[in-house]
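Have a go at each task before you read its solution.

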Amino acid sequence: MNDTHEKEAVQYTVEELPITDIIIDDDAKKLQDLGYKQEFKREVSLFVQSGFSFATMAVLPNSLVGLSQTMRADGPMSQFWGYIVLAPFVMCIALGMAETFSSYPVNGGVYSWCYLLSSKEWGPFMAWNCGYVFLAGVLATVMTAAYTMAEYVVAIANVLITDPERQITSHSITIAIYIGILLLSVLYCYQGIRFSGYLNVFTVIWVLVGTIVVIVVLLVMSPSYASAEWVFTSWQDLTGYNSPGLAFLLGLLQCGWVLIGYENGAQIAEGTKNADKTGPTGILIGVVGAIIQGLILSAVVLFCIQDMDALLESSFPVATLFVQATNGPVAAFLMVILAVSQFVAVTNNVVAASQMLWAMARDHAVPHHKFWYKLHGKNEIPLRILLLEATICVIAIMPSFGSPDYWSAIMSLAVICINFAYGLPFVCRLIWKRNDPLPRGPFSLGKYSIAVNCVAVAWVMFFGVVLCIPSTHPVTVQSMNWASIMIVGTFTFSLVFWFATGRRNYKGPMQTAD
């Protein structure tokens, strides 16, 4: 690595401060052993680590965005029991990731781990492809979160507008709001990571209080309640496949969408105090908290459903649910709580995508890397990358004008790509480091490590296939699940670009230790 890049190697994660009176503490020493020098002040606590992941997952708004699709697939069974089914497999991924984080507490997360867990010959190839797959997943997550927030905004307006003739029904208006949300998120991210930290601290409190408010209001104001038998044992198959098992699996998209994003704390590993302990703990707290919150919210929502047919026919079922259970003004108030939480999810994913893309530009993994590598402003923000993200997300949402199910495919793409990226470090370890113990960190799975990794990889592969299946049968152009086409496109681009230029110019994540 040349000296210029060593001086320019900065991270868009934690406020960079000059280090004087250098003392090689445990964090810095471990980082140096891995080939990196300590460049940032370590000020990220366990609360911030857990909060960053928790706010990104945004269980409160995201647990309801696919309510209609889930209820069509397998009814209450998928909505509630989906969390029970997914929990063991998601925990295997989280446990394996926590162990890897403890062994390699470096920025970059799965992107860096693929390189460190591969052989010297295959490391660059695996890190390259993991980077592009993860980037595609995060961008798809940004799109889905921004689109659903736009739907929340439209729904709030329609609930408050009593005149049916003035209701907002134009898809163009939803897209215009979607674009505005993206630009507002970019503007906020441009203020620097410190402001993002303030937003996440606020959001942890907002989400906890908001969840209690939503639950209490629904239970108190709901005019009637479904039976426990219906909530916990009822199922229905409106997919057309005439297969309860397949219908249940198709309904897992909602739970799968909620249970991603917990790895984001790894992006700020080098600014975290006692990173090899705090990072793994933050991941596990985020996942367990999300599962518990998702289960409670799902149960409450199912008990408070008043008219299932109206819910399935609604253009935005969450609004219909809230109006049925309460009244117009209260429903609008509840959706404001959800919309604010969703904006933080959009912003955090924009930050995560910009971090990944900027790191890949630093490592010569993107075209015209010098152009994208440039930072702007006193806070040294990758403004060009932020604007590129917004542009990609705007262009990529345009096919939604032709297919009402397109955004569901984007959601599937997000879940598949991110889970696939989660699994790649485990694949690398099983292939190249299976017989070599990881550098032992404070969090270790011991003799269960390989078994947990195997379960995680098997689940990622199986769930990825399930999420590529069209949600209804027979399949039409409108109902086609385009996620499979998008995934093939992502891998094709990554591989073609690798053989065209990557294998010559890309050497893996740049290490900065002298």
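**Exercise 1.** Find which residues the ring pairs link into a cluster in this predicted model.

*Solution.* Start with the tryptophans: Trp122, Trp128, Trp432 and Trp498 are among the members of the cluster. Now step back to the whole model, where the count comes to 23 aromatic pairs.

**Exercise 2.** Work out how the rings of phenylalanine 80 and tryptophan 81 are arranged, and then what phenylalanine 80 and phenylalanine 232 tie together.

*Solution.* A pair of aromatic rings is described by the distance of the centres and the angle of the planes.
- Step 1: for phenylalanine 80 and tryptophan 81, the centres are 5.2 Å apart and the planes make an angle of 90°. Planes over 60 degrees apart count as edge-to-face, so this pair is edge-to-face.
- Step 2: phenylalanine 80 also pairs with phenylalanine 232, at 5.0 Å centre to centre and 75° between the planes, again edge-to-face.
- Step 3: phenylalanine 80 sits in helix α6 (residues 76-103) and phenylalanine 232 in helix α11 (residues 228-233), so their pair ties together parts 152 residues apart in sequence.
- Step 4: check the accessibility. Phenylalanine 80 has a relative accessible area of 12%, so it is buried. Tryptophan 81, at 31%, counts as partly exposed, and so does phenylalanine 232, at 26%.

**Exercise 3.** Decide whether serine 400 is buried or exposed, and find what its side chain touches through polar atoms.

*Solution.* 
- Step 1: locate serine 400 in the loop between α19 (383-397) and α20 (406-432).
- Step 2: its relative accessibility is 7%. Buried means under 20%, so serine 400 counts as buried.
- Step 3: the side chain of serine 400 makes a polar contact of 2.9 Å with the side chain of histidine 171. A polar atom of the serine 400 side chain also lies 2.7 Å from the backbone oxygen of isoleucine 397.
- Step 4: leaving aside neighbours within four places in sequence, serine 400 is in contact with His171, Ile175 and Tyr406.

**Exercise 4.** Describe the second largest pocket and find which element gives the largest share of its lining.

*Solution.* 
- Step 1: the volume of this second largest pocket is about 600 Å³.
- Step 2: it is lined by 21 residues, and Leu135, Ala136, Leu139, Ile392 and Thr490 lie nearest its centre.
- Step 3: α8 (123-160), α19, α20 and α22 (483-505) each give two or more residues to the lining. The largest share, 6 residues, comes from α8.

Conventions
Residues numbered from 1 in each chain as written. Predicted model: local features only at pLDDT ≥ 70, side-chain atom pairs only at ≥ 80, totals over all residues. Heavy atoms only, no water. Helix = DSSP H or I, 4+ residues; strand = E, 2+ residues; numbered from the N terminus. Buried < 20%, exposed > 50% of the residue type's maximum accessible area, 1.4 Å probe, protein only. Polar contact = N/O pair within 3.5 Å; in protein donor to acceptor, adjacent residues only side chain to side chain. Contact = heavy atoms within 4.5 Å. Phe/Tyr/Trp six-rings, centres within 6.5 Å; stacked < 30°, edge-to-face > 60°. 1 Å grid on protein atoms, 1.4 Å probe; cavity = no way out; pocket = protein on both sides within 12 Å on 5 of 7 lines; lining within 4 Å. Points joined across faces, edges and corners; volume = space filled by probe spheres on them.
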